[in-house]
Amino acid sequence: MATEERHVSNLDEPISGKAIGRPPNRRIVSIAVTVLGLGVIVLGSFQSWTLATLFGIGCVLGLGLYHTHYGFTSSFRHFLLDRRSAGLRAQMLMILIANMLFLPLLIRGEVLGHRVTGYVFPVGLAVVAGAFLFGIGMQLADACASGTLYHTGGGDRRGILTIGGFVLGSVLGSVNFPWWMRTPHLPAISFIESLGIVGGGLLQLLIVGTIFLAVWWLERMQHGQVQALFNGGPGRRVDGRRYWTPVLQGPWSWVTGSVILAFGNFLVLMLSGKPWGITFAYALWGAKIAEGLGFQVTHWAYWQIPANAHALHQSIFHDVTTVLDFGVIVGALLGAGLAGGLLQMSLKQLPRRLLVSVFLGGIMMGYGARIAFGCNIGAYFSGVASFSLHGWLWLFSAMLGSALGVRLRPIFGLVNC
């Protein structure tokens, strides 16, 4: 396999020792800080200071994702292929922290003068099919929804194609959304509403703890030891050597990433009244493009849902999800600059089958996210953080899809490691 092809297929992987100690790229840092400052000023002046604050939170999330290389895609793949469980254990820690932060707000139902609601959606065939399709797509694109954003901001040239696929798939998913909503399903199930605060909380803790211990045990049985979650930050040890790096330069540990994502999601819930999501923005962008091409988007049932219709008739910069997505990209750009990264946005030297894989994976993830009520962030992370059963169903369905996806990766020249 060509060196270039091998290089671009594993950007979720932890940073190697060779990348540690590289001086910051001042040009990239300056660009990122300028965009961050202008974004806050423009959003605060022309939209709202709440949106400006959310843009800043998105930047912190992007910085955290980049410096920890918090990969859902690679976490699934490593566990399926080699029973390495650090990523999945980190996700359970993230969920546990988010549950503790979300619970008071969800019980109260109101904060800062506005209503607060979690992501709790029906449990049925649409979630299973959508998450399964998303699982395949995330392995073919070598990135999930959050991974695509921070890879793009960090200089992954494939991210633009993946986002393009996401947009197209999201539009197709919104067209078919009414049909999928008529497939067999149970009502939305919240552990808290169904079992009470104590019962629902204990059930959630049981599921999180069981998964954490099960994957830990499977890794220990196969390898005799378990990878640590505290694997980054100043004084990081790589290949038996200790590297001292400034905190902002990274890399950071799995635990640090889990804390940042959990608290970031909590702040999004508190300020916007709903948890963190990513892929609705792609559907919105696609709908506006379709409108520009002459399609009667307002006649589609998905865009007749009151909240969706309201978003369609507003500027995309009025949309919380869009603002957060752009924030993540800028934050990852800042992270890349601080880590001394170099942006390589040209697609010319990449193999065609890799480009096909990335775009196809984006389409599958976009379509799957629409019919499954979200992606690895909106459906899985934010769903489970909201004590919703559909979030757990999403996780296991996406894991099954990933199992198929890893078998398809070599066809497109992607390395399974």
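**Labels and their grounds**

Guide: Arg77 and Asp142 are both buried. Keep in mind that this is a predicted model.

Visitor: What makes Arg77 and Asp142 a salt bridge?

Guide: Their closest N and O atoms are 3.3 Å apart. The limit for a salt bridge is 4 Å between a side-chain nitrogen of Lys or Arg and a carboxyl oxygen of Asp or Glu, so the pair qualifies. Arg77 sits in helix 4 (residues 72-82), while Asp142 is in the loop between helix 6 (125-141) and helix 7, 65 residues apart, so the bridge links distant parts of the chain.

Visitor: Which salt bridge do Arg409 and Asp142 form, by N to O distance?

Guide: Their side chains meet at 2.9 Å, N to O. Arg409 lies in the segment after helix 16, 267 residues from Asp142. Arg409 is buried, as is Asp142. Through shared partners, salt bridges join Arg77, Asp142, Asp156, Arg158 and Arg409 into one network. The structure holds seven salt bridges.

Visitor: Why is Val198 called exposed?

Guide: Its relative accessible area is 61%. Exposed means over 50%, so Val198 is exposed. Val198 lies in helix 9. Together with Ile107, Ile197, Leu202 and Leu205, Val198 makes a nonpolar surface patch of about 480 Å². Helix 9 (residues 191-223) supplies the largest share of that patch, four residues.

Visitor: What makes Gly335 buried?

Guide: Gly335 has 0% relative accessibility, which is under 20%, so it counts as buried. Gly335 is in helix 13 (residues 320-338). Neighbours within four places in sequence aside, Gly335 is in contact with Leu63, Tyr66 and His67. The C-alpha atoms of Gly335 and Gly64 are 8.0 Å apart, although 271 residues separate the two along the chain.

Visitor: Why is Cys417 called partly exposed?

Guide: Its relative accessibility is 43%, between 20% and 50%, so the label is partly exposed. Cys417 is found in the segment after helix 16 (389-408).

Visitor: How do you know that helix 7 is largely enclosed by the rest of the structure?

Guide: Nine of the nine residues of helix 7 (residues 145-153) are buried, so the helix is largely enclosed. Among them are Leu149, Tyr150 and His151. Just after helix 7, Gly155 takes a positive phi of about 105°.

Visitor: Which residues touch the most other members of the largest nonpolar core?

Guide: Of its 102 residues, these are Phe134, Trp276, Trp303, Phe381, Trp392 and Trp394. Helix 5 (residues 86-108) gives the most to this core, eleven residues. Phe381 is in contact with residues including Met94, Ile95, Leu261 and Trp276, leaving aside neighbours within four places in sequence. In soluble globular proteins, nonpolar side chains tend to be buried together.

Visitor: How many helices and strands does the protein have, and what share of it is buried?

Guide: The protein has 16 helices and six strands. Buried residues make up 56% of its 417 residues.

How values were computed. Residues numbered from 1 in each chain as written. Predicted model: local features only at pLDDT ≥ 70, side-chain atom pairs only at ≥ 80, totals over all residues. Heavy atoms only, no water. Helix = DSSP H or I, 4+ residues; strand = E, 2+ residues; numbered from the N terminus. Buried < 20%, exposed > 50% of the residue type's maximum accessible area, 1.4 Å probe, protein only. Contact = heavy atoms within 4.5 Å. Core = buried A, V, L, I, M, F, W, Y, C linked by side-chain atoms within 4.5 Å. Patch = residues over 30% accessible without salt bridge, like charges linked within 9 Å, V, L, I, M, F, W, Y side chains within 5 Å. Areas by Shrake-Rupley, 256 points an atom, 1.4 Å probe, with all protein chains shown as cover.
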